[in-house]
Amino acid sequence: MAEEVITQPNYERLCSNILNSDKHIRFAGFVNDKSQILHSAQQKDLDSLLTDNEIGMSIHYTLERWRKAQNFTFRLGKERLTFTEYDNVTLVTIPFKGKLLLVSTEPRIHYDPIIEKVNSILTNWEK
Amino acid sequence: MENGTITYTQLLREDLGIFRVTPDGEFPDFKAGQFLTLGLPLDSKIVNRAYSISSSPENKKFFEFVIRWVRKPLPGRLTSLLFNAKEGDKISWAKPTGSLTINDTLPNGEKDTRRIVCIGGGTGLAPFVSFAQHLHDTNDKREIVILHGASYVDELSYKQLLTDLENESIDKGKDKWNFKYRAAISRPQEWTNRAWHGYKGRIEQFLRTSDNGKSALEELVGEKITKDNTIFYVCGWQGTIDGVMDYLKAKNFVTEKNKREDGSYEVKFESYG
């Protein structure tokens, strides 16, 4: 009988692949449901728009919203994607294996190609 | 079922609230730690559910409850109705029952003078709020320790009441009122909990022996915890009960459900999951 091999995603490699998949992506990071950042990466030469404390607050708000959205899972199914477009940045969240992928991009761009690339990377995470 | 009225509602969070129910008729006797079955109409039927009472038996004005609105995987039917209810709405209730009550005597008939340690996870604190107020109002001289575990600081329902009871103990002296309250936050790294400087971790870790050979509980009470000097009452998710028993079994504590031949035991618990 073959042994089952359980593979954990390599979050560092995933962040790197996502960040390099499109020049409009500023940041990619994975957080767990305890607000811990598993790994993150951001484009070089870009100043962060938030302070460290504000980043913690932003992750908290994102997870709170995600938890509350799950209260409708029994009727609407699982959440797949959210967008929040600010004047200066767009935030994208994608649930992935019980964790949350956070992506920020330049604002007011065509998002579909970016989402397709990110989803392709996530779908093929074992390769 | 008897008739009553919802006379007070207070949301602590979107999914955590304090509710009071005032019976329309005679107020029944009950014991601290018991629960009450509440009922509300839904689709021409009455939906019932039991909730632990957090008010004391000496309070004959209302029953109080602290209730969590759990919505995953499915929202609870009665709890959803309660969180939509208004003060003044009618509600039905059945007589109080439950066995998580305070032992006043030992199996041999002697007075039980052991220290009382209550460990509540989340809304599992409710029966112990009733304990604390009852023991206070009846001038009980036993040492009482209440440990409350929560994920977030805004889930520390009754923090003010229990802190006031501890401050009263400090002011009056232990010989008159001997009460301690501590809380633990299990997700200290989360932003909501950034200003928390109390105990961090799961509440049962108060029982874990540290490098100095003492547990945090033993540091708090100032002596070794033994089955002769302490009785534990535990309420919460089954995981909390199991976590507590992992520590206490190693000290030869036994539960009421597995009491010794002579009827003795040192742990009473109630789980809600």
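**Exercise 1.** Determine how helices H1 and H4 of chain A pack.

Solution. Helix H1 (residues 11–21) and helix H4 (residues 111–123) of chain A pack at an angle of about 155°, their axes 10 Å apart. Axes are lines fitted to C-alpha atoms, for helices over the stretch in contact, and angles run from 0 to 180 degrees between N-to-C directions. H1(A) is therefore roughly antiparallel to H4(A) (angles over 145 degrees count as such). Next, the residues: A:Leu14, A:Asn17, A:Ile18 and A:Ser21 of H1(A) meet A:Lys117, A:Val118 and A:Ile121 of H4(A) (contact: C-beta atoms, placed from the backbone, within 7 Å). By class, this contact has four nonpolar, two polar and one charged residues.

The model is predicted: local features need pLDDT of at least 70, side-chain atom pairs count only at pLDDT 80 or more, and totals for chains, interfaces and linings use all residues. Residues are numbered from 1 along each chain as its sequence is written, while chains are lettered from A and ligands numbered from 1 in the order in which they are written.

**Exercise 2.** Describe the sheet of chain A and the place of H4(A) on the sheet.

Solution. Five strands form an open, antiparallel sheet in the order E2-E1-E5-E4-E3 (strands are DSSP runs of E, at least two residues, and helices of H or I, at least four, numbered from the N terminus; strands pair if DSSP finds at least two bridges between them). The edge strands are E2 (37–42) and E3 (82–85) of chain A. The twist averages 15° from one strand to the next. H4(A) packs on the sheet, touching E1, E3, E4 and E5, and its direction makes about 25° with that of E4(A).

Conventions: Parallel < 35°, antiparallel > 145°, perpendicular 65-115°, else oblique. Contact = placed C-beta atoms within 7 Å. Nonpolar A, V, L, I, M, F, W, Y, C, P; charged D, E, K, R; others polar.
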